[in-house]
Amino acid sequence: MIHFERFKLDNGLTVLFHKEASTPMAVVNLLYDVGARDESEEKTGFAHLFEHLMFGGSVNIPDFDGPLQAAGGESNAFTSNDITNYYDVLPAHNLDTALWLESDRMLSLAFTDKSLEVQRNVVIEEFKQRYLNQPYGDVWMEIRQLAYTKHPYKWATIGKEIKHIEDAKMSDVKAFFKKHYHPSNCILCVIGNFELDYVKERVDHFFGSIPKAKKSARILPLEPAQDRFKSKTIVRNVPADAFYYAFKMPERKNPGYYLADLLSDIMGREKVSKMYVDLVKKQKLVSEINAYITGSIDEGLFMITGKLNEGKSFADLDKEIWKIIAHYTVTLISKKELEQIKIKLRTARAFQDQGLLNRAMNLSFFELLGDANGINEEQEIYQSIHAEDLRIFAKQLFIKKNGVLLKVKKKKNA
Amino acid sequence: MLNRQVAPKLTPIKSIDFSVPEMVEIHAGIPLYWKNNIANETAKMELHFNAGTTIETPILASLTAGLLISGTKTKSAIQIHHALDAVGAYYDVSVSQEQAVVTLYALNSYLKQAFDIFHEALTAAIFPEKEVQEICNERQEKLKVQLQKVNVLAQRKIQQVLFEETPYSQVISQRDYATVKRTDLIEFHQKHYLKGLSKVFLVGDFSKDVMLDIKTACADFVGKAFQPENCTFSGKAHIEHQEKSDALQTAIRIGKIMFNKTHPDFISFSVMNTILGDYFGSRLMSNIREDKGYTYGIGSYMMENTHFGYFMIATEVAKEVREATIQEVKNELERLQTELVPAEELELVKSYLLGQLLKAADGPYAMLDLFSGVELHGMDISFYNKYIQKVQEITAEEIREMACKHLDWKSLSIISVG
C-alpha cells in the first residue's frame with residue numbers, strides 16, 4: 001500500500017505527496033499532460049524536441065542542470081506518445097532547489113535561438129542513433145503508420161521525419177509552451193521524509209504565483225474501426241527476416257487493458273510459453289518470439305514479434321501464428337499457469353515499488369488516469385482475473401480484420 | 001515576494017551513514033554477505049562464480065552461463081523454468097570478463113525455494129545437445145544484429161587494442177558457434193561452476209535459520225577464492241578508423257589502461273573524470289552536445305577489474321564531424337591540463353558527487369552494491385569516508401595534475417567505426 005496525500009493549488013496545479021521516512025533523498029516528479037499525440041501531423045516530433053528545450057534555461061534561471069547538480073541532484077525526462085515526464089532526484093535537505101527550478105521553467109522558458117538550434121541538432125543525432133542507424137531501428141515508425149490511419153499514434157515520439165525537426169521555428173515552440181506548460185496541465189509529485197504541511201508550504205511558495213491558464217480540451221481524431229487485415233513488407237539491410245503482428249487493443253482505462261496485459265505475459269513467457277516451445281524448440285521456425293502490449297492511454301497495440309530462422313518463410317510462420325492464436329481463443333489457460341503468472345506479477349510489482357522514482361512516476365500517471373490510488377488497486381484487478389475472462393478476451397482481440405502485419409525482409413547479399 | 005533569480009540556500013553533505021552487511025563464511029575465503037533489515041517483502045540472491053570470459057574463452061563462458069538451467073536427467077529446461085515461475089521468481093545471469101553472476105529475485109517467503117530449484121538444476125545440469133544447438137542458433141542471430149551496430153564494432157575493436165595478447169582482448173565471433181562442443185561446456189561447468197563459487201550476496205528479511213540453510217547449500221559449489229591472473233598490457237596507443245559505408249553515424253572510442261580503487265590517485269582521478277565527461281554538465285557534454293550539437297550523448301568512464309582499470313570516452317556522432325569531435329576531445333583534455341578548473345565548477349562537481357554518493361547509499365540494495373564495489377578489491381567500507389574527505393579537499397591544482405599525469409593525448413588509443 002502506497003499512502004499519499006493530494007492537494008490542489010488555486011492555479012490548478014495538482015500535487016501528490018508520499019512520505020518515505022527511510023530515505024535521505026527526495027524525488028520531485030512533474031508529469032505534463034502532453035505527448036506526441038497532441039502534435040499536428042505537419043509538425044511532429046515537437047513534444048520531444050520541447051522536452052530537450054526545457055533544459056535550456058528558464059525565464060529567471062539561465063541554466064537548469066547546474067544549480068541542481070550543485071545541490072547534489074540529478075534530473076532527466078522522457079516523452080511518450082501520451083505524456084512528458086520530468087524528474088529530479090536530490091538530497092532531501094535541498095528540496096527547495098528542485099521546486100525553484102521546476103517552478104521557474106513552468107512559469108516561462110528563456111527561448112534562446114542558440115538553444116533551439118543546438119537541440120534541433122541533438123535531436124536529429126538522436127533520431128539517427130536510435131531509429132536510423134540500428135538494424136530494425138525504423139520498424140516502429142512503419143508499424144504505427146500501418147496500424148493507425150487517423151489517430152496521432154501513427155507517428156513515433158521522435159517524429160515522422162527529420163525534416164519536421166529541422167523546420168521547427170521559435171514561434172512554434174512558444175505556442176506549444178503556452179498551450180501545454182501551465183499548472184492545470186501538470187501533476188507534481190513529491191516523495192521524501194517530509195511533513196505534509198511543510199510540502200504544502202514549500203510548493204505553494206514556489207508554484208503558487210504561477211498564473212492560471214485554461215486546460216485545453218483534447219479532441220483527437222478517432223481511429224476508425226479497421227475493416228480488413230493489413231500487411232506490409234519492407235526490405236532492409238538486416239541479418240534476419242522479422243515479423244510484427246499487431247492487434248488493436250482496449251485503451252488504458254478499459255478493464256480489457258488488464259486482460260490484454262496478462263494475456264501478453266502468458267503468451268510471451270520466456271522459455272516456457274506455447275509460442276516459444278512450438279516455434280522455437282519444436283519446429284525451429286523462429287530464433288526468437290515475444291508478445292507484449294504498447295501500454296498507451298488510447299487504443300493500443302497487442303504485439304507478437306520475432307525473427308525467422310534462415311530458410312523459413314513468412315507463409316509457414318503465418319499458419320503457425322494463427323494456430324497459436326486459435327489455441328488461446330478456445331483452450332482455457334490452466335489454473336496452475338495462471339497462478340504462476342499472478343505470483344510473478346506480485347514479485348515484479350514489489351521490486352518496482354522499491355524505487356522512489358518509480359513510485360513517483362506511477363502515482364503521477366495514475367492521477368492522470370483519474371486517481372493516484374489506482375496504484376493500490378491494480379494488483380487486485382490482476383489477481384481477480386479468471387482463465388475464462390482471458391479466453392473470451394482473446395476471442396475478441398484476435399479477430400483477423402483487427403490486425404496488421406509488418407514483415408521486414410532481409411536485403412539479398414546483406 | 002519570491003525573488004526567482006536567487007537560488008535557495010544549499011546545505012552541504014557532511015557525512016553519510018554506511019553500513020556493512022553481516023558476513024558468514026561458506027568455506028575458508030568464500031563469504032556470504034547478508035543484508036536483512038528490509039522494509040518490504042522483496043529478496044535477492046547473487047551468486048558469483050569464477051566463470052568470466054577471461055578464465056578460458058568467451059564462447060564457453062557465455063554459452064555455459066546461458067545453459068545453467070537447461071535440464072537435468074529428470075527435468076527438462078521447461079520444467080525447471082515452470083518451477084521457478086511457480087514461486088514467482090525471476091532468474092538472471094550475466095557474464096563479465098572476470099565473473100559470472102547468477103541473480104535470483106523473489107518475494108522473501110519464496111527465495112529459499114527458488115534457490116533450491118536453482119541448486120538442483122545447476123548440480124545436475126547435463127547440457128542436452130538440443131539445448132546447445134538452440135542457444136547457438138539464438139545467439140548467432142543476436143550477434144548478427146549486434147555486428148551491424150557501429151557502437152558495438154568500435155567497442156569490440158578498442159577492447160582488442162587495449163588488452164592485446166591477453167585473455168581480456170577476446171571477443172566472440174560467428175566462427176566460435178560452429179566449433180564449440182557440448183563436452184567443452186560440460187567441462188567448463190564442472191570446473192568453474194560446480195567448483196567455482198567465490199561469494200554470495202543475499203538481501204531479504206528472513207530468519208537467520210533460512211540464511212544458514214542457504215549458506216550450507218552454497219558449500220556444494222565452493223572452489224577457490226576469486227583470483228584472476230594478473231596481466232600486463234603493452235600500453236601502446238593505436239589509432240584506427242574503419243569505414244562502414246551504410247552507417248549514418250560514426251562511433252568513437254578513446255581509451256587507455258588505467259588503475260582501479262586500490263591506486264592512491266583513484267579518487268582524485270575520478271573527480272577529474274567527472275568534470276571531463278561523467279555527468280550531464282560535463283565539459284564533453286557541454287561542448288560537444290550542448291554547444292556544437294554533434295551528438296546525442298558523449299561520456300567518459302572509469303571501468304574497474306580486479307587488478308586494473310581502464311578509461312574510456314564513448315560517443316556516436318554525425319559522420320561528417322568525426323575529426324572535429326576528436327579534435328574537441330583533445331582540446332578539452334588540454335584545457336584540463338593547462339588551466340585551473342574555476343572554483344564554481346569545482347564546487348558544483350564536489351556537491352554533485354557527494355549527492356550521488358548519498359543516493360548510491362540509499363536503501364539496502366544500493367548499500368550492498370556499494371559494499372560490493374570495495375569488497376572486490378579487498379578494501380572495507382571506510383573507503384567511502386576517505387572518498388568524502390578527498391572530494392571535499394581536492395584542489396584545482398590536483399585536478400590539473402591528474403589530467404597531466406594520466407591523460408597524455410599520445411597515450412590514448414582512438415578507434416572510430418562508421
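This is a predicted model: local features need pLDDT of at least 70, side-chain atom pairs count only at pLDDT 80 or more; totals for chains, interfaces and linings use all residues.
Residues are numbered from 1 along each chain as its sequence is written, and chains are lettered from A and ligands numbered from 1 in the order in which they are written. Local features need pLDDT of at least 70, side-chain atom pairs count only at pLDDT 80 or more, and totals for chains, interfaces and linings use all residues, while side-chain values use heavy atoms, with hydrogens and water left out.

Reader: How far apart do the C-alpha centres of domain 1 and domain 2 of chain B lie?

Author: The domain bounds come from an automatic or database domain assignment. Domain 1 of chain B covers 22–221 and domain 2 covers 239–417. Their C-alpha centres are separated by 30 Å.

Reader: Which residues of domain 1 of chain B lose the most area to domain 2 of chain B?

Author: Buried area is the accessible area (1.4 Å probe) that two parts lose on being put together, summed over both. The two domains of chain B bury about 2,400 Å² between them, with 69% of it on carbon and sulfur atoms. On the side of domain 1, 23% of what is buried comes together from B:Val150, B:Ile158 and B:Leu162.

Reader: Which side chain meets B:Lys199 in a salt bridge?

Author: A salt bridge is a side-chain nitrogen of Lys or Arg within 4 Å of a carboxyl oxygen of Asp or Glu. Between domain 1 and domain 2 of chain B the count is two salt bridges. At 2.6 Å, N to O, the partner of B:Lys199 is B:Glu375.

Reader: How many residues of chain A are in contact with chain B?

Author: Contact means heavy atoms within 4.5 Å. Chain B and chain A bury about 6,100 Å² between them, 55% of it on carbon and sulfur atoms. Chain B contributes 67 residues to the contact, and chain A contributes 71.

Reader: Which residue of chain B forms a salt bridge with A:Arg269?

Author: Ten salt bridges are counted between chain B and chain A. In the one made by A:Arg269, the closest N and O atoms are 2.3 Å apart, and the partner is B:Asp85.

Reader: Which element gives the most to the side of chain B that touches chain A?

Author: Helices (H or I, at least four residues) and strands (E, at least two) are DSSP runs, numbered from the N terminus. Elements giving two or more residues to this side include helix H2 (77–86), helix H4 (129–146) and strand E5 (100–107) of chain B. With nine residues, the one that gives the most is H4(B).
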